[in-house]
Amino acid sequence: MEKGTLLYEGKAKKLYVTDDSEVLWVEYCDQATALNGARKEQIAGKGALNNQITSLIFERLNSEGITTHFIKKLSKTEQLNEKVEIIPLEVVLRNVVAGSFAKRFGLSEGFVLPAPIVEFYYKNDDLDDPFINDEHVKFLNIATDDEIAFLKSETRKINEILKKIWLEIGLTLVDFKLEFGRLADGTIILADEISPDTSRLWDAAGNHMDKDVFRRNIGDLIEVYSEVLAKLQATK
C-alpha cells in the first residue's frame, strides 16, 4: 500500500489517498482541542496514544461483529481505513450524567441514567455543532427514518461492547461520541476514532481518564492516556 497526497487535514488527523481508491492512510496528530477548537495545544505523543488506543478498540469491535472503517494499524501514529463519506452527525450516547448534559438540565454529575440516552449533534464548526433532534436530521437531509433508527440501534449495540471493554480495565464509560460514514454503495459503518478524546471515562475513585484532564486542567493528558493504553494492551 502506497501513501499518496494529503486529502484532508482536521483537528486531530490527516487523511491521505493511497493506491487503492477505497482506502485512506490516516495519520494521528498531536493537537489537543477543547471548546469546539477555541483552545488548541500541541501535546507531543498524543497522536500516537490515540492511534494505538483506537486501533485496539476497533480491532475488538470488528471481532464482535461491528462493521467499522478500520483496516489495520500501520505504525504508532498511522492506520489504514476504508474510505467513507462522513455523515455530518455526532452521535452521543450517555450512560451517566456529566458535562454539557449536566449543565443543560441543572443536574449533578455522576447520576447513572435509568437507560442510555442517544443524542444527535450537527457537525458544523461555524454553528458550534448544535444539538438537534430526529426531525432536524430529516429536514437537513442528513439521514432517513430508517438510517436514523440504524444509527441509534448500532450506537446502543456499540455501547454494550464498549462498556465491557472499559470495565475490564476498571473504567466506567460515562458517555462517548461516535461518527459514522457511508461506503460507496451507501452502507453505513462506524468511522472516525474511539479514544479518551471521544469518550468520558472514570476510574473507581472518580478520576477522569479522558480529555477532561485537558479541558478542565486537572491532570496530565499524556500520563492519563498512557495509563489507559497500557491497561488495554495488558488485556489483549
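The structure is a predicted model, in which local features need pLDDT of at least 70 and side-chain atom pairs count only at pLDDT 80 or more, while totals for chains, interfaces and linings use all residues. Residues are numbered from 1 along each chain as its sequence is written, and side-chain values use heavy atoms, with hydrogens and water left out.

The protein is divided into domain 1, residues 3–82, and domain 2, residues 85–220; these bounds come from an automatic or database domain assignment. The C-alpha centres of domain 1 and domain 2 lie 18 Å apart. Contact, defined as heavy atoms within 4.5 Å, is made between 26 residues of domain 1 and 27 residues of domain 2.

Salt bridges were assigned where a side-chain nitrogen of Lys or Arg lies within 4 Å of a carboxyl oxygen of Asp or Glu. The count by this rule is 27 salt bridges. Secondary structure elements are DSSP runs numbered from the N terminus, with helices (H or I) of at least four residues and strands (E) of at least two. Accessibility is given as relative accessible area, computed with a 1.4 Å probe on protein chains only: buried means under 20%, exposed over 50%, and partly exposed in between.

One of the salt bridges joins Lys164 and Glu64, with 3.4 Å between the closest N and O atoms. Lys164 belongs to helix α4 (residues 145–168), whereas Glu64 is in the loop between α1 (46–63) and β6 (70–73), so the pair ties together parts that are 100 residues apart in sequence. Both partners fall in the middle class of accessibility: Lys164 is partly exposed at 39%, and Glu64 is partly exposed at 34%.

A salt bridge is also formed by Arg94 and Asp175, whose closest N and O atoms are 3.4 Å apart. Arg94 is part of strand β9 (residues 89–96) and Asp175 of strand β12 (residues 171–182), so this pair ties together parts that are 81 residues apart in sequence. Arg94 is buried, with a relative accessibility of 4%, and Asp175 is buried as well, at 6%. These two residues take part in a network of salt bridges that links Arg94, Arg104, Glu109, Glu119, Asp175, Arg200, Asp212, Arg215 and Arg216.

Within helix α4, Lys157 and Glu154 are 3 residues apart, about one turn of the helix. They form a salt bridge in which the closest N and O atoms are 3.6 Å apart. Lys157 is partly exposed, at 46% relative accessible area, whereas Glu154 is buried, at 9%.

Helix α4 also holds Asn159, which is buried with a relative accessible area of 1%. With neighbours within four places in sequence set aside, Asn159 is in contact with Leu93, Asn95, Pro116, Leu173 and Phe176.

Grid points are joined across faces, edges and corners, and a volume is the space filled by probe spheres set on the points. The volume of the second largest pocket is about 150 Å³. Its lining consists of Leu56, Ile57, Glu59, Arg60, Ser63, Ile165, Leu232, Thr235 and Lys236. Two or more residues of this lining come from each of α1 and α6 (221–235), and α1 gives the most, with 5 residues. By class, the lining has 4 nonpolar, 2 polar and 3 charged residues, where Ala, Val, Leu, Ile, Met, Phe, Trp, Tyr, Cys and Pro count as nonpolar, Asp, Glu, Lys and Arg as charged, and the others, Gly among them, as polar.

Helix α6 also contains Val228, a buried residue with a relative accessible area of 1%. Not counting residues up to four places away in sequence, Val228 touches Ile53, Trp166, Ile169, Leu171, Pro196 and Met209.

Asp128 lies in the loop between β10 (112–122) and β11 (131–132), and Asp129 is placed in the loop between β10 and β11. The phi angle of Asp128 is near 60°, a positive value in a residue other than glycine, and that of Asp129 is near 50°, also positive. Asp128 is exposed, at 55%, whereas Asp129 is buried, at 13%.

Methods:
1 Å grid on protein atoms, 1.4 Å probe; cavity = no way out; pocket = protein on both sides within 12 Å on 5 of 7 lines; lining within 4 Å.
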